[in-house]
Amino acid sequence: MSEIFKGIPEIRFEGKDSKNPLSFKFYDAEKTVAGKKMKEYLPFAMAWWHNLGAAGTDMFGRDTVDKSFGAEKGTMEHAKAKVDAGFEFMQKLGIEYFCFHDVDLVPETEDINETNARLDEISDYILGKMKETGIKCLWGTANMFSNPRFMNGAGSTSSADVYCFAAAQIKKALDLTVKFGGRGYVFWGGREGYETLLNTDVKFEQENIARLMHLAVDYGRKIGFTGDFYIEPKPKEPMKHQYDFDAATAIGFLRQYGLDKDFKLNIEANHATLAGHTFQHELRISAINGMLGSIDANQGDYLLGWDTDEFPFDVYEATMCMYEVIKAGGLTGGFNFDAKNRRPSNTYEDMFEAYILGMDTFALGLMKAAELIEDGRIDENIKNKYASFNDGIGKKIIDGSTSLEELADYAASLKSAETPASGKQERLEGILNQILFK
Ligand code: XUL
Ligand code: CO
């Protein structure tokens, strides 16, 4: 098999002063930060769909980058060429995981039996490469949004036949995930939502989605899937209203339908900002509910109202992400670059530089988050902020050993309460800058 990315060497760590674009400035896989190797905190994954599939086509124009990898698109030769390209790419970057949708791997046919036969063939080929290289699968998923049959949703569809096709795709994608030893299985409900309530029964649709998820869990456990199922929240796009709006909504849904023991969340940075939250907010809400599973590491554009899936370069955001991840003791999932090059970045070299940017950004974020925690001033301030609950009446509230009457009597005895101590926001933001730019 001949080299596809000719002229691109194995990417090595050269340090922050290197001017070599094809080197890591901050990501040093074996370096220990906050008690673990960088590569253990940062199990990076390649997203099959963007990296090997997306070639620059948008609503206004055709492909700008050649991702044929020497084979005719739409053929099994091309599917295999993508595998070759993907494994060469991951090996050169030292990326140990990949994520996939079923139809990223092979061209979908009209007949689901034929598509499944193609998936059997390609997954044998992928498995061979995995054994050869030690590269692993982070998670798998079924694409239940591109095919026109899913125009009214998959679990939320109005057609029982379409529901069965969704079930069939999930079954096959779970088979593949187990075959690859994947850590997780994702549900991104891109079409699970609605455009207008004039034609939608929300309760019926949500119950049907939950039924499909239960069936998936039952089947997955039966075939030996021991990993986590994930919901990936997103508020809109493609649908106007999506049921998995944000982390809090998805957690409520999972608890409502008894799915919370098998599911965690896969939090995507760009989806968080589309929901009007920060990335850190979504991670925190997941973590405090015991549901921080995995991350789709990308970045949106605050000037644009859609999912731009950019490679992350915002070190503030990455630092606050890694602050949450360190506090949570690391991820059981990983960091999937659900990101694509900008359309005019159309060379193979750009594909590598995009991943280098993303990996370096999260490595910097990890180091800076560790410094923030080590510095201790942020944590100290938070501890002090709630100190009035450490003893006296505050402790009784925390212990649950009081009543509304006792609290009212206490307030009456004080006559008036002092205003709480200053939040010190500007001081804390200054500390963040001091640590980021030292
Ligand atoms: C879409 C998105 C998906 C999921 C997997 O916005 O993020 O690529 O990550 O279906
Ligand atoms: Co995603």
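Colleague: Which residues surround ligand 1?
Modeller: In this predicted model, where local features need pLDDT of at least 70, side-chain atom pairs count only at pLDDT 80 or more, and totals for chains, interfaces and linings use all residues, side-chain values use heavy atoms, without hydrogens and water. Residues are numbered from 1 along each chain as its sequence is written, while chains are lettered from A and ligands numbered from 1 in the order in which they are written. With a heavy atom within 4 Å as the criterion, ligand 1 is surrounded by Trp49, His101, Trp139, Phe145, Trp188, Glu232, Lys234, Glu268, His271, Asp296, Asp307 and Asp338.

Colleague: How far from an oxygen atom of ligand 1 is the side chain of histidine 271?
Modeller: A polar contact is a pair of N or O atoms within 3.5 Å; within protein, one must be able to donate a hydrogen and the other to accept it, and residues adjacent in sequence count only if both atoms are side-chain atoms. For aspartate 296, a polar side-chain atom lies 3.0 Å from an oxygen atom of the ligand. For an N or O atom in the side chain of histidine 271, the distance is 2.9 Å.

Colleague: In what order do the eight strands close into a barrel?
Modeller: Strands are DSSP runs (E, at least two residues), numbered from the N terminus, and two of them pair if DSSP finds at least two bridges between them. Strand β7 (residues 136-141) and strand β8 (residues 184-187), for instance, pair in the parallel sense over three bridges. The barrel pairing is parallel, and the order is β5-β6-β7-β8-β10-β12-β13-β14.

Colleague: Which residue in β8 is the bridge partner of tryptophan 139?
Modeller: Tryptophan 139 is also among the residues that surround ligand 1. Its bridge partner in β8 is glycine 184.

Notes
Helices (H or I, at least four residues) and strands (E, at least two) are DSSP runs, numbered from the N terminus.
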